[in-house]
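Visitor: Can you walk me through this one? I am new to reading structures.

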Amino acid sequence: MSNHANNTPILELKGVSKRFGAVQALEKVDFEVRSGEVMALVGDNGAGKSTLIKGIAGIYPFDDGEVFFGGEKVDIHGPRDAADLGIEIVYQDLALADNLDVVANMFLGREKVGGMWAMDEESMEEEAIKTLDSLSVTTLRSVRLPVASLSGGQRQAIAVAKAVMWNSKVVILDEPTAALGVAQTRQVLDLVKTLRAKGLAVVIISHNLHDIFEVADRITVLRLGKRVNVFDASKTTQQEVVYAITAGALSQVPGMVKS
Amino acid sequence: MSTTQEPVSEPQNALLEATARTSPGDYVRNYLQRMKGGDMGALPIIIGLIVIAIIFQGQNEHFLTPRNFVNLIVQMAGITTIAIGLVFVLLLGEIDLSVGYVSAVAAVFLAMRLRPPDGWPWYAGIIGALLFAAAIGIVQGLFITKARLPSFIVTLAGLLVWNGVVLILIGTGGTVIIQDPVIIGIANAFLPHVWGWIVGVAAVAIFAYSKLRRWKRRQKRQVSSEPIAIVIFQIALVAVIMAAVVYVANLDRGVPFVGVLLLIFLAAFTYLADRTKFGRYVYAIGGNTESARRAGIPVDRIKTLVFMIASLMAGAGGIVLASRLRSVDTAAGGGNLLLMAIAAPVIGGTSLFGGHGRVISALLGALIIASIENGMGLLGLSAGAKFIITGLVLLVAVLVDAISRRGREQSGLG
């Protein structure tokens, strides 16, 4: 696994909490990721993975706790704030609009505008092609096809390319390989390694430990809204991680009396 | 370029190579593939118009005459104007049932401000009526976006409320006469024959200029562009259609002024939908609202603006309809106006399910509907028969929409 180029985390959460009505989705969770590092985020269903990244993305702001970006405390109140910092999230459901073409999707919400309020389609298309090229995504027939006509791997690649196009420093991938076949999973994992080589911080959420052990440098385990452990991927085993996910080395399981 | 690192040496760009070279053959093949996949474009419309022409001409020789053609343009103008605004609502996957009576409210507002004691000049009346209509749209849009009510219910309430407002404003008198010559001229004036040709040539020139300029720009930047043969074919097609329209209209009274108005609406709103960020956001919201929201698009503001556009265009359509009748009465905005205005874009190929459609579908669909209405009028069919036939045409259009949607899903063309 690669050396951590920089020891200050680019993104750091300290004691963040989030409650939905009666459910404590996150309770005083710490989390960090460094530049040039792939940090896996794992946990069973309902462990709080999605809530954590949605908080980082500004979709559901945290109730409590602090967020530091590049060592400075920041407030993220909406998707725009996160994007402005250089945090991009690739969602499980891909967050692509099927009826729009590849270029329109990659620039969605950040279109370049030329004269007379018209979008500068040529510049957008050029940049989209350059970005896809730099990520070695070359299986597309045309960047003017609606994304509905693309394969799962291609769609995932478009979603990742969309995320890295914006000078982003942290890319968060939510279940990037969940719906993909073997060859397409390989493409996506290679893409993750490319991002790391470019010096980006990558957070990857996955249920597939095999994939995680292939690309991750460190592994954060969440259970029932709490962080139970952070493993160095080179110094742990799948069994150890599975144990942390299921039994959890929690001193206290929320809602149960400590025995 | 804003990726964090440029590739050290630019590799041979396979994508760029592939997209820059599209031959006319590829283009036609792509078109045929899209059609098979359920994206049929204007083809059903053209076939429909031919069938309609054959049927009605067979029954009544007055159908395909210059006089009736000019009548048709005037008859379809009001519905088309309203339908252009509705295209945006349909693109969102929403509906606006209030446009019929909003058009009537705008018309009543205009007619009452023009007559004494107010005696407003025509331009003030039009601006006032359009602002009033736009305000209605904003209010309805805010109920839909801020209170999260379904657009079906909010605009159904609007339908009743604005119908009531029309009845109260007109009162028991029954009819408000319009006497302003400019307002009456909107739907009753015709261009002198020479001006018909000048406008026609200018429209084709603008279309050709923008098409060719775009093509040239895309060639220079080496991004994907249509083959030049296809571009020239499109320009030629538009030129032929425009020449035929002006020629036939000039055999009768000339090109109706309202025809020019429709052309301006068509061009302006096509630009809005296809070229601006706003238009892109409307398509994005209609395609996947959640992805639009996550991309930071102000979904609520865009939706509210779309309902404003629908009401604004309804107001404009109401003024056109009032101009044609030279008056507004208690029946304004009623009958099957709403149904026709919604049916037009759907018949023209805009999906009721959101995300798919074009502004020109309003014009194409209205052409079909107005042709049927016009033909049935010539045949002297009963009101009952007219309703049944119009209803069946709408059903067929929605059926085609549903089938083509399934085709799109199966062929993965979104």
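Guide: A term to begin with: buried means under 20% relative accessible area, exposed over 50%, and partly exposed in between, with a 1.4 Å probe and protein chains only. In chain B, 48% of the 414 residues are buried.

Visitor: Where does the model come from, and how are things labelled?
Guide: This is a predicted model, in which local features need pLDDT of at least 70 and side-chain atom pairs count only at pLDDT 80 or more, while totals for chains, interfaces and linings use all residues. Residues are numbered from 1 along each chain as its sequence is written, chains are lettered from A and ligands numbered from 1 in the order in which they are written, and side-chain values use heavy atoms, leaving out hydrogens and water.

Visitor: Back to chain B. How many helices and strands has it got?
Guide: Chain B has 17 helices and 2 strands. Those are DSSP runs numbered from the N terminus: helices are H or I with at least four residues, strands are E with at least two.

Visitor: Why call chain B compact?
Guide: Its radius of gyration is 23 Å, close to the 22 Å that the globule rule gives for 414 residues, so chain B is as compact as a globular protein of that length. The radius is taken over C-alpha atoms, and the rule is 2.2 Å times the number of residues to the power 0.38.

Visitor: And the contacts in chain B?
Guide: Of the contacts between residues at least 6 apart in sequence, 78% join residues at least 24 apart. A contact means heavy atoms within 4.5 Å.

Visitor: What about chain A?
Guide: Chain A has 8 helices and 10 strands. Its radius of gyration is 19 Å, close to the 18 Å from the globule rule for 259 residues, so chain A is as compact as a globular protein of that length. Of those 259 residues, 59% count as buried. The C-alpha trace of chain A spans about 70 × 40 × 35 Å along its principal axes.

Visitor: Is Trp117(A) buried or exposed?
Guide: Trp117(A) counts as exposed, because its relative accessibility is 71%.

Visitor: New topic. How big is the second largest pocket?
Guide: The second largest pocket has a volume of about 620 Å³. Of the 26 residues that line this pocket, the closest to its centre are Leu321(B), Arg324(B), Leu325(B), Asn336(B) and Leu337(B). On a 1 Å grid over the protein atoms alone, a pocket is an open set of points where a 1.4 Å probe fits, with protein on both sides within 12 Å along at least five of seven lines; lining residues have an atom within 4 Å of a point. Grid points are joined across faces, edges and corners, and a volume is the space filled by probe spheres set on the points.

Visitor: Which helix gives the most to that lining?
Guide: H14(B) does, with 5 residues in the lining of the second largest pocket.
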